[in-house]
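Follow the text below with the model open beside it.

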Amino acid sequence: MNRMIKVLIADDEKNICLMIQKLISWEEFGMEVVGLANTGVDAVRLMEEERPEIVISDIRMPGYDGLEVVQKAHDLGLSIDFVIISGYKYFEYAHKALTLGVEHYLLKPIDKGELEETLSKILRKRKQDIQKEAEAAEWKEQARHSRRKVQKHFLSSIMEKSSSLPELDLNRVNTEFQCEFEQGCFVAIFAKLDSESRDQDVTGFLHILEEIIDRDLQESDKEYINSIMKSGVISIVNYRTEIRENTRAGMEKPFVQMKRELEKFRGYHITVGIGGEKSTLAEIADSIQEAIYAIKCRGKAGLDKIIYYDSLRYQPVPMQEILGECQIREMEKLVESLDYEAFRGEIVKAHARIKSIAFYTPVAVYEYLEQISEILQTVLKNYQIEAEILRQLEEEIQKTLDFYTNLDEMVYRFSELVRSYFEKMIAEKKNKSQLPIRMAKQYLQENYSRSVSLEDVAEAIGLSPAYLSTMFKKELGINFSDFLISCRMEAAKELLKGSDLPIAEVAERVGYLDSRYFSKTFHKVVGLKPSVYRKMYR
């Protein structure tokens, strides 16, 4: 339901106010009279209290005249359509009214038709103005969205160290990516959302966090870019050197707001990692990596707090000592053979070596698991594992590293994830190795009634006879001819049990033209003559 447009009527004669009020069917115009004023002072007071959209005012009133009332409305910042009414002798006021932006001027006595036409003009103009405002707002939003999209691409390119990224010259970046960076300080901020429920979709929460960061930075004298990355929001913030202390102190404000917002729900944590302050845009990639580093330390440093990279004092871990050439080759062999138990043993030993270092950096565990992930991807890709399985594995690994904050649990979950995929790949390999035999069995079960040879089957499924013969022996433990005989005998049993066909016809239907040879073979395989077998089911 649309809100009624508020109308204020002001005239020093009460009867004229009442006459104007009764002259028009206001509701039909979507309007309501919210006040009658007989002095300019009362008119201004009612304008402040009621904030009308239309004021019908006499040009001459005690206190303030009509033109002074218009000026007061301007001073108060009110957007009002004024209809000034006057007698002939005050017509010279019309020109001054126009200079104040008054577009509607009526002479006394007020004519109903003229007033209705004036109100209609106001309504048409208001409708046009609303439409223009909506179009302008839509255009502005589209422009803002387009600008943000370009800027997010810039941020993503920095994080991915894209080769297509132009040299990080301030002016060039501002031009190409519609930014307004200036010389001063640059810092990266990573607001990381953690959920105690692994399957919880946090997309909606991330948009809320981004809006909080947006709102805070828009109110400050800083240029910035935000982008949602996995389960967090990455920001690049640029500010003048002279406000650096205030900026650092002000980082607490959006963090408190985000934390307060998440407290409405259970099982969520917000941790903010802040990279080192840089003096050039070209160094911002380093600050981003430092902010991510700080977040990876949250398992040790603590959740629900701000972690400054510059304040961390963890001991670095030389990764070549944990995962050297020998260990890499060993892990490659274990992946090739899909030997999970040995693979897991190597991971457990490496994790123990990292933990044995005093004040070790938690990031070493991430680095180790990320390198193991690369080994997995490379080896499995070379062994022609399906691309979709590799994609799913990589996605699950990234989720595991992103979700778990307890390092011991992260290593365990990583190992369990690899185990599940190893089992899946072993089953897939077995399934593929058995496929030719399944095809051969199906072919024989469909064609046993005619003369069929190993060569016939091999040709039908696209294998060499020698390879097919080997596969039969390996997968079924019997040779080709024995399997063909078993197919024929099973079919013969069904015919003997379920029909009165002569033995000779049964033999012919299962692929034997010589009924005596069929009977001899049946007796050898089943242990009974065909006639005796039939009597057992009569």
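The buried residues of helix α22 are covered by elements that include α20 (480-498), α21 (503-509) and α23 (530-535); contact means heavy atoms within 4.5 Å. This is a predicted model, in which local features need pLDDT of at least 70, side-chain atom pairs count only at pLDDT 80 or more, and totals for chains, interfaces and linings use all residues. Residues are numbered from 1 along each chain as its sequence is written, and side-chain values use heavy atoms, with hydrogens and water left out.

The buried residues in α22 are Phe518, Thr521 and Phe522 (buried: under 20% relative accessible area; exposed: over 50%; partly exposed: in between; 1.4 Å probe, protein chains only). They cover an arc of only 105° around the axis, so they lie on the same side of α22; the arc is that of the directions from the helix axis to the C-beta atoms. Arg516, Lys520 and Lys524 are exposed on the face turned away from that buried side.

Just after the helix, Gly527 has a positive phi of about 95°.

Elsewhere, five strands form an open sheet of mixed pairing, in the order β7-β8-β6-β9-β10. Helices (H or I, at least four residues) and strands (E, at least two) are DSSP runs, numbered from the N terminus, and two strands pair if DSSP finds at least two bridges between them. β7 (223-229) and β10 (306-308) are at the edges with a single partner strand each, so one side of each has no neighbour in the sheet. β7 pairs with β8 (residues 232-239) in the antiparallel sense over seven bridges.
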